[in-house]
Amino acid sequence: YAEKIREVGAKVELVEQQEQLGLGHAVLCARAALEEEAPTLLLLGDHLYTTAHPEGTSCVRQLLAAYTGTSVMALQRTAEAHVHRYGCATGKWDISGKASWPTRFGDGGDAEPRRVHLTMLVEKPTAEFAATNLAVPGLPEGTYLSAFGLYIITETGALLQWLADAADARGASPTAPPLQLTEALDVLRAESGLQGYLVDGTRFDIGGEPQATPSS
């Protein structure tokens with residue numbers, strides 16, 4: 001086991017974000033360590049992920065299996081009371097190959113759709129904004145889709161360049177708003193397409209308060 005850990009460690013390059021200027025800024029700090037022409041798998045360092053997949057497939061492997069070449073982000077159901085803490089998304093379910101989809105999740109088992117063609121991403125919306133703009137057909141009232149903290153980005157270079165340009169535009173002022181990854185992802189969605197995938201699992205944000213996640 002110790003040898004395995006050493007093998008993994010030899011492949012790891014650590015990059016420190018000197019100032020907490022937003023998740024987008026943290027990703028930008030790693031630019032020199034990334035291959036901009038290759039897809040990038042992004043996991044959040046302050047998240048823990050547990051799988052609920054019936055075969056024990058990890059959340060990361062679920063997302064890798066869902067990747068078809070278009071950038072994709074993992075999603076999780078989130079109660080209205082917690083949407084103000086996360087990037088949230090809405091869109092249209094991909095029901096390719098399905099005769100129908102359930103009017104309420106929890107009724108369709110394996111037949112339920114999981115892939116979403118995203119039409120909007122918003123960072124930490126209010127409950128009022130979510131109710132008006134982020135409702136997704138089939139989810140219970142008051143339940144929305146939020147970022148799970150796992151992403152596969154096809155257009156790595158384009159995403160990093162947008163973040164770099166946005167960072168330059170914000171400048172070095174201490175009052176400048178955080179550079180959020182959600183903003184860059186929404187631009188990526190509009191220009192190249194972005195899918196969402198509802199994983200079987202739960203993410204725990206160890207940098208925030210505990211939350212209860214609706215199961216259906």
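Author: Of the 216 residues of the chain, 39% count as buried, meaning under 20% relative accessible area with a 1.4 Å probe and protein chains only. The model is a predicted one, in which local features need pLDDT of at least 70 and side-chain atom pairs pLDDT 80 or more, while totals for chains, interfaces and linings use all residues. Residues are numbered from 1 along each chain as its sequence is written, and side-chain values use heavy atoms, without hydrogens or water.

The chain holds six helices and eight strands, taken as DSSP runs of at least four residues (H or I) and at least two (E), respectively, numbered from the N terminus; along the sequence they follow the order α-α-β-β-α-β-β-β-α-β-α-α-β-β. Among contacts (heavy atoms within 4.5 Å) between residues at least 6 apart in sequence, 79% join residues at least 24 apart.

The part to examine is the pairing of helix 5, residues 156-170, with helix 6, residues 181-192, whose axes come within 10 Å and cross at roughly 130°. On the side of helix 5 the contact is made by L159, W162, L163 and R170, and on that of helix 6 by L181, E183, A184, L185 and V187. By class, these residues of the contact divide into seven nonpolar and two charged, with no polar ones.

Key: Axes are lines fitted to C-alpha atoms, for helices over the stretch in contact, and angles run from 0 to 180 degrees between N-to-C directions. Ala, Val, Leu, Ile, Met, Phe, Trp, Tyr, Cys and Pro count as nonpolar, Asp, Glu, Lys and Arg as charged, and the others, Gly among them, as polar. Buried means under 20% relative accessible area, exposed over 50%, partly exposed in between (1.4 Å probe, protein chains only).
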